[in-house]
Amino acid sequence: MAAHRIAHVAYTGPSIIKEIFYGMTLGLLAGGVWKTHHWNEQRKTKAFYDLLEKGEISVVVAEE
Amino acid sequence: MIFLEWLFLTIALCDAAEPWQLGFQDAATPMMQGIIDLHHDIFFFLILILVFVLWMLVRALWHFHYKKNPIPLRIVHGTTIEIIWTIFPSIILMFIAIPSFALLYSMDEVVVDPAITIKAIGHQWYWTYEYSDYNSSDEQSLTFDSYMIPEDDLELGQLRLLEVDNRVVVPAKSHLRMIVTSADVLHSWAVPSLGVKCDAVPGRLNQTSILVQREGVYYGQCSEICGTNHA
């Protein structure tokens with residue numbers, strides 16, 4: 001039996017720098033998703049007001 | 001992306017509260033649009049910090065579980081990390097403060113030449129509106145009371161606790177000045193879609209400026225407790 005010759009990996013613990021890096025990356029990705037939603041909404045709002053200005057759409061119901 | 005679009009539900013033009021509504025009502029003034037944009041800016045940092053803190057928490061619980069790590073560390077100092085976790089939040093606060101102050105000070109700008117000035121006088125439990133700009137010297141101002149329509153008198157399609165018998169009619173795409181006061185107790189004149197809320201204080205005239213960008217019907221409720229029939 002050569003069990004005494006098997007090298008055991010010593011648990012050295014987590015690397016704080018790596019964990020901070022992974023956390024910030026995930027945070028920025030999630031924030032990026034939100035920002036994309038915000039920019040999308042801004043674009044839709046701007047398009048709405050542009051169409052309203054040009055007269056292509058109206059928010060006033062035509063009187064019969 | 002479709003899932004994400006569904007997740008952040010698009011609400012069709014919404015100038016009154018909708019059932020199960022999560023976000024703001026649609027903006028009808030540049031002020032409200034500014035408020036929504038500021039909220040989105042701050043929410044980005046909120047998500048960033050939330051995800052980061054949750055990650056660190058979960059990883060700490062994972063790495064330092066008593067079975068995996070039976071002997072806890074006895075670290076009491078970490079000067080570098082303490083500096084980082086002081087400076088970094090200060091920078092975030094600075095990024096939040098800049099647009100926040102910009103919006104706040106823009107709200108305080110007084111419109112020099114409004115197209116019309118309307119007075120809103122709070123009573124228990126109705127509003128009186130006065131249009132005094134366009135009457136000749138011996139004429140009485142156009143004045144009317146605006147009562148909330150009780151639930152029993154609502155017609156089909158009308159909104160509960162929001163509809164009134166006489167609406168305030170204001171010009172669109174024109175600067176208007178609201179002067180708000182009260183005849184009895186504290187009230188508050190608020191319209192969420194317009195991003196306006198102005199306290200009605202007895203013995204005091206408060207002023208707010210509004211520029212409505214599109215025609216529509218906008219709803220609001222008294223926003224200062226004023227007695228049994230408040231809002």
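This is a predicted model: local features need pLDDT of at least 70, side-chain atom pairs count only at pLDDT 80 or more; totals for chains, interfaces and linings use all residues.
How many helices and strands does the secondary structure of chain B comprise? Chain B comes to 3 helices and 7 strands.

**Overall form of chain B**
- Starting at the N terminus, the elements follow the order α-α-α-β-β-β-β-β-β-β.
- Chain B is more spread out than a compact globule, because its radius of gyration of 25 Å is well over the 17 Å that the globule rule gives for 231 residues.
- Along the principal axes, the C-alpha atoms of chain B fill a box of roughly 90 × 40 × 40 Å.

**Annotated spans in chain B**
- An unreviewed UniProt entry places the feature "transmembrane region" at residues 43–62 and 83–105 of chain B.
- Residues 43–62 of chain B are 100% helix and 0% strand, with 28 Å between the end C-alpha atoms.
- Residues 83–105 of chain B are likewise 100% helix and 0% strand, and their end C-alpha atoms lie 33 Å apart.

**Interface between chains A and B**
- Contact involves 30 residues of chain A and 29 residues of chain B.
- About 2,700 Å² is buried between chain A and chain B, and carbon and sulfur atoms give 72% of this area.
- There are 2 salt bridges between chain A and chain B; one of them joins Lys35(A) to Asp41(B), whose closest N and O atoms are 3.3 Å apart.
- Residue pairs in polar contact between chain A and chain B, with both residues at pLDDT 80 or more, number 8.
- The side of chain A that touches chain B has 16 nonpolar, 10 polar and 4 charged residues.

Notes: Residues are numbered from 1 along each chain as its sequence is written. Chains are lettered from A and ligands numbered from 1 in the order in which they are written. Side-chain values use heavy atoms; hydrogens and water are left out. Contact means heavy atoms within 4.5 Å. Buried area is the accessible area (1.4 Å probe) that two parts lose on being put together, summed over both. A salt bridge is a side-chain nitrogen of Lys or Arg within 4 Å of a carboxyl oxygen of Asp or Glu. A polar contact is a pair of N or O atoms within 3.5 Å; within protein, one must be able to donate a hydrogen and the other to accept it, and residues adjacent in sequence count only if both atoms are side-chain atoms. Ala, Val, Leu, Ile, Met, Phe, Trp, Tyr, Cys and Pro count as nonpolar, Asp, Glu, Lys and Arg as charged, and the others, Gly among them, as polar. UniProt positions are given in the numbering used here, feature names are shortened, and annotations may be inferred rather than shown by experiment. Helices (H or I, at least four residues) and strands (E, at least two) are DSSP runs, numbered from the N terminus. The radius of gyration is taken over C-alpha atoms; the globule rule is 2.2 Å times the number of residues to the power 0.38.
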